[in-house]
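Open the model in your viewer and keep the sequence panel beside it. Each stop below says what to select and what is there.

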Amino acid sequence: MTDRPEQQPLDPDTAGAIIRRATELDLARGQDDLGVQRHALEAAADEVGISPASVRQAMAEHDAGALVAEAGGRSILGPARARGVRTVDLPLAVAQQQVSTWLKAQLLEVHRRSGDELEWRRRDDFRAKLRRKVDVGKKVRLGSVDAVIASVVDDGNGRSIVRLEADLENTRNGLKLGVVAVPTVAGPALGGAAALVLGDPLLLLAGLPVGLALGGTGVYVARKTLGSELAEAQRVIDLYLDQLDRGT
């Protein structure tokens with residue numbers, strides 16, 4: 001004899017789906033005050049067999065921004081952020097200090113603070129530009145990124161969760177304008193100029209496929225360029241987080 005449905009245990013995915021649906025139903029009924037206290041969430045999780053330590057770490061990862069997908073929407077050139085998240089065996093103050101020291105060595109400076117999150121941007125002073133050009137020891141490994149978003153929080157168990165995101169949004173916008181938009185417009189523009197000078201309207205039409213071809217080539221080149229820089233930024237971030245975790 002099988003157990004009745006209400007006696008059968010639920011797998012984590014099913015339990016999560018039920019909670020999300022219940023939240024939707026409460027919202028539909030006008031119950032929009034659905035904030036949950038952290039201690040209550042921890043107690044509720046403990047009731048269904050989820051360890052308090054895991055709940056604390058999950059909440060810390062949320063605080064660090066590790067559970068949030070990349071913002072900014074889609075682009076024809078692909079994503080513009082390289083992201084790494086790691087839980088390291090370091091106290092919060094030590095992890096924060098080491099991350100700050102490393103980012104300063106990458107010739108970045110704090111531009112904005114929001115809660116536990118710091119936005120570091122490229123230094124553009126003369127000394128920084130010179131050091132990027134004359135980097136004999138190859139110590140500046142994030143020289144091509146526009147900014148780095150950094151967050152370091154305590155995981156609730158004496159360790160630290162470190163999130164680093166290299167932002168290449170300005171680079172992507174520059175590529176989109178320089179090798180995609182300009183060539184796409186250039187073909188029809190040149191065709192139109194030639195049509196006016198030579199009095200042949202067919203030249204205007206001829207410029208359209210030329211512009212499209214140039215634009216298509218530009219998209220390919222821009223995607224390859226951005227992808228290469230993004231992959232290098234990802235490699236550098238992952239390597240640093242590995243070193244931080246090992247204490248080297």
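Start with the sheet. Select the 5 strands: they form an open sheet in the order β1-β5-β4-β3-β2, with antiparallel pairing. β1 (81-88) and β2 (108-114) stand at the edges, each with a single partner strand, so one side of each has no neighbour in the sheet. From one strand to the next, the twist averages 20°. Two strands count as paired if DSSP finds at least two bridges between them. Helices (H or I, at least four residues) and strands (E, at least two) are DSSP runs, numbered from the N terminus.

Before going on, note what you are looking at. This is a predicted model, in which local features need pLDDT of at least 70 and side-chain atom pairs count only at pLDDT 80 or more, while totals for chains, interfaces and linings use all residues. Residues are numbered from 1 along each chain as its sequence is written, and side-chain values use heavy atoms, with hydrogens and water left out.

**Whole chain**

Zoom out. The secondary structure comes to 7 helices and 5 strands. From the N terminus on, the elements run α-α-α-β-α-β-β-α-β-β-α-α. Of the 248 residues in the chain, 30% are buried (under 20% relative accessible area; exposed is over 50%, partly exposed in between; 1.4 Å probe, protein chains only). Take the contacts (heavy atoms within 4.5 Å) between residues at least 6 apart in sequence: 66% of them join residues at least 24 apart.

**Colour by confidence**

Now colour by pLDDT, the predictor's confidence in each residue, from 0 to 100. The chain mean is 74, and 59% of the residues reach 70 or more. Which element has the highest mean pLDDT, and which the lowest? Helix α4 is highest at 96, and helix α6 (residues 169-198) is lowest at 54. Select residues 180-215: pLDDT stays under 50 there, and the model has 33 contacts beyond four places in sequence for this stretch. Where pLDDT is low, the predicted coordinates should not be read in detail.

**The helix across the sheet**

Select α4, residues 92-105. This helix lies across β2, β3, β4 and β5. Against β4, α4 runs at about 170° (axes are lines fitted to C-alpha atoms, for helices over the stretch in contact; angles run from 0 to 180 degrees between N-to-C directions).

Go to β2 and β3. They pair in the antiparallel sense over 6 bridges. Their hairpin has 2 residues between the strands, and G115 takes a positive phi near 65°. Pick W120: V110 stands opposite this residue. Move on to β4 (residues 147-154), which 5 bridges join to β3 (residues 117-122); these two strands run antiparallel. The bridge partner of W120 in β4 is V148. Step to E119: R112 stands opposite this residue, and its bridge partner in β4 is I149.

**The salt-bridge network**

Show charged side chains. A salt bridge here is a side-chain nitrogen of Lys or Arg within 4 Å of a carboxyl oxygen of Asp or Glu. By this rule the count comes to 12. Select R81, R83, R112, E117, E119, R121, R163, E165 and D167: salt bridges link them in a network.

- R112 and E117: the closest N and O atoms are 3.9 Å apart. R112 is partly exposed at 36% relative accessibility, and E117 is partly exposed at 25%.
- R121 and E119: the closest N and O atoms are 2.7 Å apart. R121 is partly exposed at 27%, whereas E119 is buried at 8%.
- R163 and E165: their side chains meet at 2.6 Å, N to O. Both R163 and E165 are buried.

**Last stop: S160**

Select S160, found in strand β5 (residues 160-167). Is S160 buried or exposed? S160 is buried, because its relative accessible area is 0%. Its side chain reaches the backbone oxygen of P91 at 3.4 Å.

How values were computed. Polar contact = N/O pair within 3.5 Å; in protein donor to acceptor, adjacent residues only side chain to side chain.
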